[in-house]
Amino acid sequence: MPRPVPWIPAVLYGAVLAGGLYYAAIGPGFDVRSAGFTVLLCVLAALDGRAWPIPGSAVFAFRVVLLCAVSALDTSGLSRVLFVLVPFLGFFTFGPAAAVWLGAGCVLLLAGAFTLWVPDWAVRAEYISDLLMFALGIVLALATAAVAVREQRARGRLEDTLAQVAQLSAARERNRLAREIHDSLGHHLTAIGIQLEKAEAFVSLDPAASAQAVSHARWSANRALDEVRASVRTLGPEAESEPVGLARTLADLVHHLDGGARRISLDVSGVERRPLLVLYRAAQEGLTNACRHSGATEIGVRVRYDDLGASLCVTDNGSGLGAAEEGFGLAGLRERVRLADGTLELSSSDRGTALTVGVPW
């Protein structure tokens with residue numbers, strides 16, 4: 001439930017207390033009524049300074065009783081201005097409709113009091129002015145309460161929105177980091193497995209080729225560690241961890257996967273304007289899937305640069321991706337390409353697979 005603006009009742013209590021004590025000082029003097037008037041105003045101020053473990057309607061009723069008591073003890077007549085707090089506090093306790101009725105009731109109550117105790121008040125300008133000013137105060141109090149409620153609700157919605165943004169940002173960062181680790185580790189673990197298989201197969205037939213395969217596996221392991229450390233260390237925009245040059249990094253990938261029964265070719269044309277991490281990850285994903293799932297013996301990696309952007313195509317002569325087409329790696333790659341405003345095309349059959357990714361500059 002919205003809370004009343006705390007300083008508004010406090011200002012009114014202070015103004016009425018100062019005016020009442022001043023009137024007592026220059027007029028009838030201080031007596032028991034002045035003391036009771038002061039004490040009850042202090043009690044009203046204390047009520048607004050804390051939360052009470054009782055229903056809000058009970059606290060509201062107690063405030064109204066105290067306001068009536070203050071008004072009865074006030075010899076200056078200034079305390080009737082405090083009754084603008086009745087609809088103001090009622091707005092927060094019961095809602096706007098009840099507050100309007102409470103405000104109208106206060107105006108009618110003041111008019112009734114004038115009728116009972118002030119002869120011919122309806123033709124006396126000062127009392128008509130007092131009644132009109134009191135009604136205007138009621139209207140201003142209701143307007144202030146409405147603005148305060150809207151502001152509190154807007155603040156609550158803003159806090160909820162900021163909390164949701166923080167959660168979404170954290171989730172996006174976790175997903176980004178998961179993609180980085182999956183793409184890096186997935187590719188390099190596949191490369192390590194391939195090279196170790198090659199080393200095992202050639203250990204007796206060609207020790208030099210076996211040693212080279214072990215060396216390539218060691219390179220892939222070190223590169224995987226470096227990329228994971230970079231992903232964890234940056235925890236920032238993907239552009240910060242982009243490779244220095246796509247052609248050079250792709251050449252490294254192909255060099256350490258090529259050999260044995262599998263041949264991988266790399267063809268780069270055009271001028272690279274800036275490194276593109278999304279194409280590097282696309283090449284990793286295409287090579288990993290070709291080596292792991294399709295059983296391909298011929299794999300081609302082709303990169304083209306032009307004035308509009310860059311494209312990468314990974315093709316193989318394997319038996320297709322099968323279930324891998326719906327795996328986490330390709331899903332993550334689709335998200336990368338979407339964030340880069342690029343395009344992704346994937347075709348796979350028992351005659352081979354082609355993965356094509358294009359991104360604008």
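Biologist: Where is the place of Asp120?

Modeller: Asp120 sits in the loop between α5 (96-117) and α6 (125-202). This is a predicted model, in which local features need pLDDT of at least 70, side-chain atom pairs count only at pLDDT 80 or more, and totals for chains, interfaces and linings use all residues. Residues are numbered from 1 along each chain as its sequence is written, and side-chain values use heavy atoms, with hydrogens and water left out.

Biologist: Why does Asp120 count as exposed?

Modeller: Its relative accessibility is 61%. Exposed means over 50% relative accessible area, buried under 20%, and partly exposed in between (1.4 Å probe, protein chains only). Asp120 therefore counts as exposed.

Biologist: What makes α2 roughly antiparallel to α3?

Modeller: Helix α2 (residues 32-47) and helix α3 (residues 56-73) pack at an angle of about 155°, with their axes 9 Å apart. Axes are lines fitted to C-alpha atoms, for helices over the stretch in contact, and angles run from 0 to 180 degrees between N-to-C directions. Angles under 35 degrees count as roughly parallel, over 145 as roughly antiparallel, 65 to 115 as roughly perpendicular and the rest as oblique. The pair is therefore roughly antiparallel.

Biologist: Why does Asp341 count as exposed?

Modeller: Asp341 has 64% relative accessibility, so the residue counts as exposed. Asp341 lies in the loop between α10 (328-339) and β4 (343-349), and its phi is near 60°, a positive value in a residue other than glycine.

Biologist: What is phi of Asp120?

Modeller: Phi of Asp120 is near 55°, a positive value in a residue other than glycine.

Conventions
Helices (H or I, at least four residues) and strands (E, at least two) are DSSP runs, numbered from the N terminus.
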